[in-house]
Amino acid sequence: GAPDLPLAAKILYVADLVEPTRDYKGVKALRRTAAGPDLDAAVLHGADIILKHLIRKGRTIDPRTVDMRNSLLDAGVRYEK
């Protein structure tokens, strides 16, 4: 992810995270968010899941993903937790 993703990239980002073979903690909730009317909320929700996973695993985080998350939050994007 990165700030200012074009629409097609947002769709692919979310689609990859919720595709039917995915099975991870939080995927059902993300699928509900993705089924809603706000694509940006699904992108934010997906980024949160990815970031939590990377932190738990002790992996590095691409700063563009953090920037994307921050820009969505700054724009007032939210999702139901």
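Modeller: A crossing is left-handed if the near helix is turned anticlockwise from the far one by less than a right angle. This model is predicted. In it, helix 2 and helix 3 make a left-handed crossing.

Colleague: What makes helix 2 roughly antiparallel to helix 3?

Modeller: The angle. The axes of helix 2 (residues 27–34) and helix 3 cross at roughly 165° and come within 8 Å. Angles over 145 degrees count as roughly antiparallel. Therefore helix 2 is roughly antiparallel to helix 3.

Colleague: Which residues of helix 2 and helix 3 meet?

Modeller: Helix 2 brings Ala29, Leu30, Thr33 and Ala34. Helix 3 answers with Ala41, Ala42, His45, Gly46 and Ile49. By class, the contact has six nonpolar residues, three polar and no charged.

Colleague: What makes the contact of helix 3 with helix 4?

Modeller: On helix 3, Asp40, Val43, Leu44, Ala47, Asp48 and Leu51. On helix 4, Thr65, Val66, Met68, Arg69, Leu72 and Leu73. The classes are eight nonpolar, one polar and three charged. Asp and Arg count as charged, and this contact includes Asp40, Asp48 and Arg69.

Colleague: Now Tyr13 of helix 1. How do you know whether Tyr13 is buried or exposed?

Modeller: Its relative accessible area is 14%. Buried means under 20%. Therefore Tyr13 is buried.

Colleague: What does Tyr13 touch, leaving aside neighbours within four places in sequence?

Modeller: Gly1, Val43, Gly46, Ala47, Ile50 and Met68. Each is called a contact because heavy atoms lie within 4.5 Å.

Colleague: How far apart are Tyr13 and Asn70?

Modeller: They are 57 residues apart in sequence. In space the C-alpha to C-alpha distance is 17 Å.

Colleague: Which residues touch the most other members of the largest nonpolar core?

Modeller: Tyr13, Val14, Val43, Met68 and Leu72, out of 17 residues. Helix 1 (7–18), helix 3 and helix 4 each supply at least two residues of this core. The largest share is six residues, from helix 3.

Note on methods:
Residues numbered from 1 in each chain as written. Predicted model: local features only at pLDDT ≥ 70, side-chain atom pairs only at ≥ 80, totals over all residues. Heavy atoms only, no water. Helix = DSSP H or I, 4+ residues; strand = E, 2+ residues; numbered from the N terminus. Core = buried A, V, L, I, M, F, W, Y, C linked by side-chain atoms within 4.5 Å. Buried < 20%, exposed > 50% of the residue type's maximum accessible area, 1.4 Å probe, protein only. Axes fitted to C-alpha atoms, helices over the stretch in contact; angles between N-to-C directions. Parallel < 35°, antiparallel > 145°, perpendicular 65-115°, else oblique.
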